[in-house]
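Keep the viewer open as you read.

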Amino acid sequence: MPKAHVWRPRFDELVARDGGDPFDDDGLFNVSMLASGTMEPRELSERVERFISFYEQWIEAQKELEVPAGLEKDAERIIERCIKSAARMREGARLLAQGGPTFKAFTLANRAMLMSMSHFARASGRSREDGRQGPFELGEAETGPIDYFANTRPAWRPFQLAFMLQILPSLVDENHEDRESVDVIWFPTGGGKTEAYLLAAAFELVRRRLVHGEAGAGTGVINRYTYRFLTSDQFQRTSGMVCALEMLRRALRDAGDNSLGETEFSIGLFVGGEVSPNKVNSPAYDGKWKSGGALQWCSWLYETEHPRASNPFPIESCPCCGTLLVPSEKKQLPSGDVDLSFYGFLASDSSFRIRCPEEGCDFHDGLPTYVVDDQIIRNPTSFLLGTIDKFAMIPWKEQGGRLLGAATKTRSPSLIVQDELHLISGPLGTLAGIYEAAFETVVRSTGSATPKVIAATATIRNASVQCRRTYGRKGIVFPSPGIRAEDTFFARMDVGNTNHSRLYVGLMGQGLRSTVAVSWAIAAILQSVSELEGQLTVDELDAYWSLVAYHNSKRELGRIVNATRDEIPARLKVYAEAEDVERNTDFDVLELKAHAEVPIPVARQKLGQRHDPAASPAVDIVPCTSIISVGVDIDRLGLMLVNGQPKLTAEYIQASSRVGRGKVPGLVITCFSPSKPRDRSHYEAFRNFHERFYSFVEPTSVTPGSLPAIKRALHAALVTAVRHGTGLKDNQGARRFDPSEAKAKKILATLLKRLQAAYPETADHDIRLRLASELDRLTEQWVNWRKSHSGLTYVVAPSQQDPALLRRFEDKLVDGVGWHTLQSMRHVDSELALRV
């Protein structure tokens with residue numbers, strides 16, 4: 001069988017040159033120290049400067065490395081980028097040395113992150129002496145005060161602190177040259193990218209209030225994901241940071257420091273209606289709870305026998321103490337009515353709130369978390385977490401511009417975070433590029449500076465082109481790569497250490513259907529782990545007990561799920577040495593996919609449960625799809641089977657990197673189908689591919705200037721910019737649009753300039769002309785409709801037959817007026833009737 005080791009990087013061993021002494025100020029990265037505020041700005045700056053100087057020593061060492069002939073220019077370019085990165089860090093260090101709001105915001109951001117980490121340790125059970133794992137039923141969680149500064153374990157990885165220093169100037173100075181750049185965190189999976197941008201988000205939320213007062217409230221940070229179900233999972237994690245900020249604001253206020261204002265720090269989830277309700281009380285309720293609002297969701301939840309397992313809301317437990325927001329079993333009063341003291345979701349005809357059921361928790365009266373669209377738009381939250389495709393609804397909603405700062409008394413968002421940047425490609429990325437132009441145009445119309453954009457990914461190619469096409473800005477990758485691919489100073493591949501790696505093994509069953517071959521392989525793996533139980537350590541048995549079975553489609557997943565009930569148990573008996581060592585075939589199977597029966601938060605908790613053979617065995621098999629490849633970070637997982645080579649190398653890397661993230665090396669077994677030429681090719685070149693598979697990552701494709709993209713989305717960008725950028729937001733505003741009016745003329749010019757910024761090269765001249773002519777054509781079309789139909793509006797109810805600009809694809813145009821418009825960027829292709 002072919003096999004290959006993929007080495008994992010080390011993130012916390014800083015050396016300037018091979019064999020040299022490591023950086024000796026580990027205390028600089030201690031979160032408790034940075035959060036305490038006991039260090040003077042000048043002292044902190046001097047310690048940071050020493051760190052940067054050490055990085056510059058590494059840069060000098062890079063200059064001495066031998067470079068193959070013909071690549072000298074490339075080496076010079078790499079060194080120049082590293083020097084530029086160090087210079088940006090120094091600029092950040094100088095800002096901290098000045099003290100003032102910047103230093104205070106940096107300190108408070110670290111304090112909020114320290115509090116969030118401490119709360120997570122308590123909520124998950126990691127800090128409990130009795131070893132119990134969270135989340136907890138009502139009355140079981142610890143809610144007492146925490147001595148945060150005594151928690152000296154949390155520490156930043158060097159790249160996280162360096163990234164914060166690098167982007168600091170462009171956050172503080174709205175006119176800084178780097179404000180118009182996209183800073184891309186390009187770091188291996190499991191390296192801590194999420195924590196890096198959460199620190200930046202906390203800093204920006206605090207800085208806005210310190211500098212701008214109550215005008216700094218409102219939505220300050222927008223964080224966008226691609227998969228709505230994983231966005232809801234990330235919502236639980238990010239809520240911890242926001243709750244910590246709110247606790248910090250209250251504590252400062254009670255101490256007489258009102259610098260963070262009276263408005264609470266809050267977080268909102270802006271995703272599709274299948275994950276969170278669009279309204280508090282839906283008049284369209286048809287008896288099915290998913291069609292209702294929050295009130296209908298709550299009514300259904302109160303009646304179900306197993307509320308936790310059926311919880312439709314995207315948050316499972318209190319981020320502060322870990323108490324479940326709904327009980328595992330239905331709770332009733334003696335009268336038979338529901339006992340609401342056990343429930344954290346409370347709704348009436350006109351209101352909805354989320355609170356922690358635990359009376360001793362700081363958030364018993366209400367969590368600063370919001371999941372209902374109407375509430376979020378009415379009162380924009382400090383931190384807005386959403387799926388990128390959901391923002392396609394902004395042109396449809398009269399108050400949608402409020403999320404971008406339009407028609408509010410607060411400043412527009414000043415930080416945009418795009419996680420998993422490599423997924424913003426293809427049709428989704430192409431449409432996003434057009435909508436992004438409209439959103440930035442609306443922000444500029446408010447008088448605020450354009451927001452800073454940061455992104456994160458572990459697998460991407462041609463990031464600069466993708467950033468230019470999507471955001472109309474240049475991209476800057478951090479950390480800047482070194483001369484050697486395995487060393488970026490902040491991460492160094494631990495080459496040769498098999499105890500800190502993932503071992504990939506290839507299997508290709510000849511003469512068998514692929515489903516049978518995979519089923520037999522799963523049976524062999526499960527039985528092998530069981531028979532090795534006495535030879536494995538506790539940690540090894542825990543890591544290898546749960547088999548993650550990755551599939552490229554739901555169809556393949558369904559076949560293997562069925563096989564867990566018959567084919568796999570039957571084959572397992574064949575492999576067992578004797579009946580007394582046969583693994584229990586009553587498998588605990590946990591499906592992980594979109595629309596799975598088990599909610600993502602519950603699935604994460606089950607996956608995180610350590611294997612205890614006597615008391616609580618862990619999950620046996622985890623059949624999953626690509627949903628596991630982003631955002632599912634469970635350190636205990638160590639074993640994966642991949643059913644067929646994924647279409648994209650980036651997907652293969654992301655998915656297989658879910659295992660082997662903890663103390664135990666990971667094992668990935670890839671099953672190839674002999675009937676698929678691509679699978680055979682990967683099997684034959686197995687070792688060569690895996691030893692450098694990052695170099696095989698495919699370049700992303702984003703083409704917002706293509707004709708199909710323009711036809712599908714440019715009119716939506718036009719409506720968004722005009723409706724929310726010129727004050728014509730009410731539904732009748734569509735009939736008052738006049739492109740010759742000064743404000744409208746300015747908005748149209750801003751929109752066109754931003755669209756054309758995605759194509760700045762000389763060779764892109766024809767695309768820029770195409771964008772201009774198409775925008776003019778759409779503008780003229782709107783004006784003609786306005787003149788011929790005095791009752792023109794932006795939208796109408798589906799049942800109405802009145803002319804409107806925006807129509808759903810399933811609705812017919814009235815008198816040829818209007819444009820069929822997306823309500824989600826994922827609905828790219830229309831259905832066709834095919835007669836054979």
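Start with helix 5, which passes helix 6 in a right-handed crossing; a crossing is right-handed if the near helix is turned clockwise from the far one by less than a right angle, and left-handed if anticlockwise. Helices here are DSSP runs of H or I with at least four residues, strands are runs of E with at least two, and both are numbered from the N terminus. Before going further, note that this is a predicted model, where local features need pLDDT of at least 70 and side-chain atom pairs count only at pLDDT 80 or more, while totals for chains, interfaces and linings use all residues. Residues are numbered from 1 along each chain as its sequence is written, and side-chain values use heavy atoms, with hydrogens and water left out.

The axes are lines fitted to C-alpha atoms over the stretch in contact, and the angles run from 0 to 180 degrees between N-to-C directions. On the helix 5 side, the contact includes Phe159, Met164, Ile167 and Leu171, while helix 6 brings in, among others, Ala196, Leu199, Phe203 and Arg207. Contact means heavy atoms within 4.5 Å. By class, the residues of this contact split into 10 nonpolar, 1 polar and 4 charged. For these labels, Ala, Val, Leu, Ile, Met, Phe, Trp, Tyr, Cys and Pro are nonpolar, Asp, Glu, Lys and Arg are charged, and the others, Gly among them, are polar.

Now jump to helix 22 (residues 742–756) and helix 23 (residues 765–788), whose axes come within 9 Å and cross at roughly 150°. The two are therefore roughly antiparallel to each other, a label for angles over 145 degrees, with under 35 being roughly parallel, 65 to 115 roughly perpendicular and the rest oblique. This crossing is right-handed too. Leu748, Leu751, Leu752, Leu755 and Gln756 in helix 22 face Arg768, Leu771, Ala772, Leu775 and Thr779 in helix 23 as contact partners. That contact has 7 nonpolar, 2 polar and 1 charged residues.

A cavity is a set of points on a 1 Å grid over the protein atoms alone where a 1.4 Å probe fits but cannot get out, and lining residues have an atom within 4 Å of a point. Points are joined across faces, edges and corners, and a volume is the space filled by probe spheres set on them.

The largest cavity holds about 130 Å³. It has 14 lining residues, and Ile416, Glu436, Phe439, Glu440 and Pro451 are the closest to its centre. Helix 11 gives the most to this lining, with 4 residues. The lining is made of 9 nonpolar, no polar and 5 charged residues.

The second largest cavity is about 50 Å³. Its lining includes Met33, Leu34, Phe103 and Phe106, and helix 1 (31–36) and helix 4 (100–124) each give two or more residues. Here the classes come out as 6 nonpolar, 4 polar and no charged.

Finally, check some backbone details. The peptide bond from Gly134 to Pro135 is cis, with omega near 0°, and Pro135 sits in the loop between helix 4 and helix 5. Another cis bond runs from Phe478 to Pro479, with omega near -5°.

How values were computed: On a 1 Å grid over the protein atoms alone, a cavity is a set of points where a 1.4 Å probe fits but cannot get out, and a pocket is an open set with protein on both sides within 12 Å along at least five of seven lines; lining residues have an atom within 4 Å of a point.
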